[in-house]
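Please have the sequence and the structure in view as I talk.

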Amino acid sequence: MSGETYDFIIVGAGSAGAVLANRLTENSRWRVLLLEAGAKSHPYSRVPISFGLLIDHPTANWRYSSQPEEGTANRRIPVPRGRLLGGSSSINGLVFVRGQPLDYDTWGQRGNRGWSFDDVLPVFKRMEHYEHGADDLRSQGGPLRVSEATDEGPLYDAIRSATKELGVPHNPDYNGASQEGIVRTQTTISNGVRMSTARCYLDPVKHRSNLRIETGAHTHKVLMDGAKCTGVQYIQNGRLIEANAAKEVIVCTGGVASPQLLELSGIGRPELLRSHGIEVKHELMGVGENLRDHINARIQFHMKRTELSYNKKMQGIGPAWQVLRYVFQKRGFMSLPSAPMLAFLKTREDMVSPDVQMHIVPYAVKNPKKRQLHKFPAMTISCYQLRPESLGSIHIRSPDPLEQPAINFNFLSDQIDRDAMTLGFRRIREIMDTDAMKQVRGDEYSPGAEVETDEQVMDYIRNNAETAYHPIGTCRMDPGPSGVVDERLRVHGLTGLRVADGSIMPTMVSGNTNAACIMIGEKASDMIKEDHAAE
């Protein structure tokens, strides 16, 4: 059935799409339709520890998985993505990392004018309310509340002492002047509650008369009239609906789903589209290519004292106590982000800036998919290379919009990545072998001391590492033939169609990607307002 006409249709209410819905409806003359394939919310989502509870939950998570590849021992690696208003910001690990200025300067140097660090810093500042103060690089008053992790205890004290032994600085603000050092995690948590884009950007404006939010609305394709995008086709409650866009359609479905939607719409590599019986509407060879993600390797250690770890605290009546502590104090296990402490380190002295990120976790998980904790006191340190060079792809496997695309990470195919991961693994052990940590830790539980040589370490990583849930680059912003969108996020060669989400990142930012995705939504809204200022 034919639907209504709106000025803008935003496909995907995630980290960027929710931002755009808020900012575009600031203009009361513009009617905006926001389409979300998932549900409105999930009762667990507001609680920070929900990142573990929803990691494989079918109503809150798309539960993608990668294709088996030789480089990762022919395993299917889980690829969780949010299936709620707020997208992955409603189920993620709540870690707030801007990245390094060099990341954005690299984007600008690749020909993407307006994306250098000096260009994006005002956008980062506008979007945040950093609860620990404002300065030249940080700000207060924005919609997204950012705070530091509140968990404290002797384990974190020991880590600080250990890194001090190694000459690693304590950094009070890794999103400030420098990223390097051991840090308390900055989180999208405020007073113990998750600060998703659904909460911070949609809830305050959801009753605006010019905003219509539709959930359970799965977009099958964007509609084209020659080289102009005119609307979308989506299914909701079994009905096939078409909605028309007078000005633009903005695709914000993320690093996995955005290239899938373009290909289902006939935009992409002609030979691929024809092989699935899809009419080629517009040739664009970069769609679905240039996939990057962080591959994340974990080491687990026994702890000598039970109070150092949440593993023992979550046994017996422990969970009930932790629930009470959360309800009345907003502290404890339920309030944790995915890692209360981070480290941004160099694997070699000649590095200009950190090239690995470590996540320090005060417990250890036995079954990552089910998030089951070990019965003994333990801790985990995970590590990933900040700026991976290995490139993969995401492409449709059929013309069926409900069939998951083929995700090929091609992890560890580049020697730079293999070297960085091996060295990062050794840096973890270096920290744990300090005098400060020997006082509190026991033996290495996994992989164990017998995994020693570079070849053994790499074999362990290939067989056990998983994604850090940061897929980007599949609709790359680039002026060249590998690009999908230009510097204003307009799809090359078409009018009325933009992509604004993590898929447009030309290269990986140095760290967790959610903050950058929210920034992309904010910056996209600026450009759209500028382009339609006279209308």
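Two strands pair if DSSP finds at least two bridges between them, and strands here are DSSP runs of E of at least two residues, numbered from the N terminus. This is a predicted model, in which local features need pLDDT of at least 70, side-chain atom pairs count only at pLDDT 80 or more, and totals for chains, interfaces and linings use all residues. Residues are numbered from 1 along each chain as its sequence is written, and side-chain values use heavy atoms, with hydrogens and water left out.

Let me begin with β22. Strand β17, residues 295-303, pairs with β22 in the antiparallel sense over six bridges, and there Arg 298 stands opposite Ser 382. Strand β19, residues 356-361, also pairs with β22 in the antiparallel sense over six bridges, and the bridge partner of His 359 in β22 is Ser 382.

Is β22 buried or exposed? Taking buried as under 20% relative accessible area with a 1.4 Å probe and protein chains only, eight of the eight residues of β22, 378-385, are buried, so the strand is largely enclosed by the rest of the structure. Both faces are covered, with Ala 378, Thr 380, Ser 382 and Tyr 384 buried on one side, and Met 379, Ile 381, Cys 383 and Gln 385 buried on the other.

Finally, the lining of the largest cavity divides into five nonpolar, three polar and two charged residues, where Ala, Val, Leu, Ile, Met, Phe, Trp, Tyr, Cys and Pro count as nonpolar, Asp, Glu, Lys and Arg as charged, and the others, Gly among them, as polar.

Note on methods
Buried means under 20% relative accessible area, exposed over 50%, partly exposed in between (1.4 Å probe, protein chains only). Helices (H or I, at least four residues) and strands (E, at least two) are DSSP runs, numbered from the N terminus.
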